[in-house]
Amino acid sequence: MSTFGKVDSSTLGWVKGEIDETLKQARLALESYAENPADKTRLRFCITHLHQVVGTLTMVELDGAALLAREIELLADAVLNDQPVHSPQILDILTRAIITLPDYLARLQFGQADAAFKYVPIINEMRVARGGDKVSEVELFTPDLTVRPPPDARAKNPLDENEYRTLARGLRTTLQTSLLGWLRGPAQSDALVEIGTIFEQLRDRAAFSAHEQLFWIAGGLIEALIDGLEPTAERKKLFARLDQQIKRMLDGAEKSELRKNAEATARAILWEIGHGATSGPTSTQLRQAFGLDALLHDPEPIKTQYYDMPTPEVMMSVSTALSAEVSTSQDLLTTYFDPSGRDPQTLEKLRDQLQKMASALDMLGVPPLKHLVDEIALVVDALVQNRISNPDVAAMPLAEALLALEGGTREVAHTPHEWSRTIEDGVRHMRALTAPGDVASAAVEGLEVGEAELTDSEFKQLMGVVAGEVNANLSKIEEAIE
């Protein structure tokens, strides 16, 4: 299972509407049960809906979300079997968990990683409520362990099992001696360098991919510790786990057991590297290969170069309101440039609309769109003050800028890089109108049609339309079958 991988927003979009509706029905059934706990029929309905959600999320390979949904289902099932006994506190936990899941899915659509470990508090509340054991964040941290080392870090001279076991037996003695020396004096890096050399040999000679990967990752831990990563108790225990892995191999453990323990240790090491501040070549290589920055630090740095996203609900609400404001602005612009128009009061109304949008975008924290609105407002001011000698040259650039703004407000919930290019073009055209001597460069004969591939935003819009038609047809088929 992997909590990291690029979530296919179009695939999620096909099922999210139905999942949201199913979760709504589960919540309503739970509320009905809370009003009459003696009748467990409604609770059974709730469990049925939750089971459907778990199946759908598993089918679309959203493992983290499926894990959260499964925990909700397990607690509801425990309540059904009076383990634990019905209580308002238990129902409150269930309700909060059911409400949490749609928000989780919405955030996946907006580019966040499918990482259940971020929901450990509510998961542990549910586990404790049904008498289960708590889990740690590390236990639910499951990066994509199908990632192989890059060519320069792969096994160069792999040995067969017996030869590798012989090599490991000899190296283990040296490893334990060096490890003991480091534990006695963590500030001394010589022992770490020696341990790193041992891990490198075990990586270079490994024919078993799980060991090749494990000792590549272990090399990153050595590098991080040498670079100043604090040697905490948990990080010291990782070396004991690596030593135990070598012992299992020497004892002839099954490959399935070796792989299971290697992956568990690799996850724990990646967790520590991901939370460290080191930037050595191997650490950087591991961060990029396993997407640690995106997975552990949400959202990833490249997505926050413009702004930090508010919650999905706020984004969608504001997006709808802004779209209405843009539509009104487009109507005002059309009215002004109508041959029978040119009423300055129309521009005053347009300027008021732009000020409202600028204020909303400023509060929301979306600098790219606010910047475009400000540039449009400057052009409108220039028209009001007759600083543009031929107003007609501003008609098409303004119309295109408002179209870009419309697209930006519609896609405001997505990551900025998907629509920032269009916004930047709009800003450039507006500046060409207001900058002295550059007015002519902004004149546009008509809309430019290119042969470039669809942008991510355009592709998602197209997929949304197709998915809507597919859903409509599937609903008709379902009705016919029923």
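**Reading burial, packing and backbone angles**

Mentor: Ala76 is buried, with a relative accessible area of 0%; buried means under 20%, exposed over 50% and partly exposed in between, with a 1.4 Å probe and protein chains only. This is a predicted model, in which local features need pLDDT of at least 70, side-chain atom pairs count only at pLDDT 80 or more, and totals for chains, interfaces and linings use all residues. Residues are numbered from 1 along each chain as its sequence is written, and side-chain values use heavy atoms, with hydrogens and water left out.

Trainee: In which helix is Ala76 found, and with which residues is Ala76 in contact?

Mentor: Ala76 belongs to helix H3; helices are DSSP runs (H or I, at least four residues), as strands are (E, at least two), numbered from the N terminus. Contact means heavy atoms within 4.5 Å. Leaving aside neighbours within four places in sequence, Ala76 is in contact with Leu43, Ile47, Leu50 and Leu94. Ala76 and Leu30 are 46 residues apart in sequence, yet their C-alpha atoms are 9.0 Å apart in space.

Trainee: How many residues has the largest nonpolar core?

Mentor: A nonpolar core joins buried Ala, Val, Leu, Ile, Met, Phe, Trp, Tyr and Cys residues through side-chain atoms within 4.5 Å. The largest one here has 98 residues, and those with the most contacts inside it are Leu57, Phe117, Phe199, Leu202, Phe239, Ile269 and Phe290. Apart from that core lies another, of 33 residues, among them Ala358, Leu361, Ala382 and Ala401. As for Leu57, its contacts beyond four places in sequence are Ile19, Leu62, Ala65, Ala66, Ala69 and Leu105.

Trainee: At what angle do helix H10 and helix H11 pack?

Mentor: Axes are lines fitted to C-alpha atoms, for helices over the stretch in contact, and angles run from 0 to 180 degrees between N-to-C directions. Helix H10 (residues 233-250) and helix H11 (residues 255-274) pack at about 160°, with axes 10 Å apart. H10 and H11 are therefore roughly antiparallel; the classes are roughly parallel under 35 degrees, roughly antiparallel over 145, roughly perpendicular from 65 to 115, and oblique for the rest. By class, the contact of H10 with H11 has eight nonpolar, three polar and six charged residues. The residues of H10 that meet H11 include Leu238, Arg241 and Leu242, and those on the H11 side include Ala262, Thr265 and Ile269.

Trainee: At what angle do H9 and helix H12 pack?

Mentor: H9 and helix H12 (residues 281-290) pack at about 130°, with their axes 8 Å apart. That angle makes H9 oblique to H12. Among the residues of H9 that meet H12 are Gln213, Trp216 and Ile217, and Phe290 is one of those on the H12 side.

Trainee: Is Gln213 buried or exposed?

Mentor: At 6% relative accessibility, Gln213 counts as buried. Gln213 lies in helix H9 (residues 209-226). Beyond four places in sequence, Gln213 touches Leu145, Val147, Pro149 and Phe290.

Trainee: Which value has phi of Glu61, and which has phi of Asn386?

Mentor: Most residues other than glycine have a negative phi. Phi of Glu61 is near 60°, a positive value, and phi of Asn386 is also near 60°. Glu61 is found in the loop between helix H2 (41-59) and helix H3 (63-80), and is exposed at 61% relative accessible area. Asn386 is found in the loop between helix H16 (367-384) and helix H17 (392-410); Asn386 is exposed, at 66%.

Technical notes:
Nonpolar A, V, L, I, M, F, W, Y, C, P; charged D, E, K, R; others polar.
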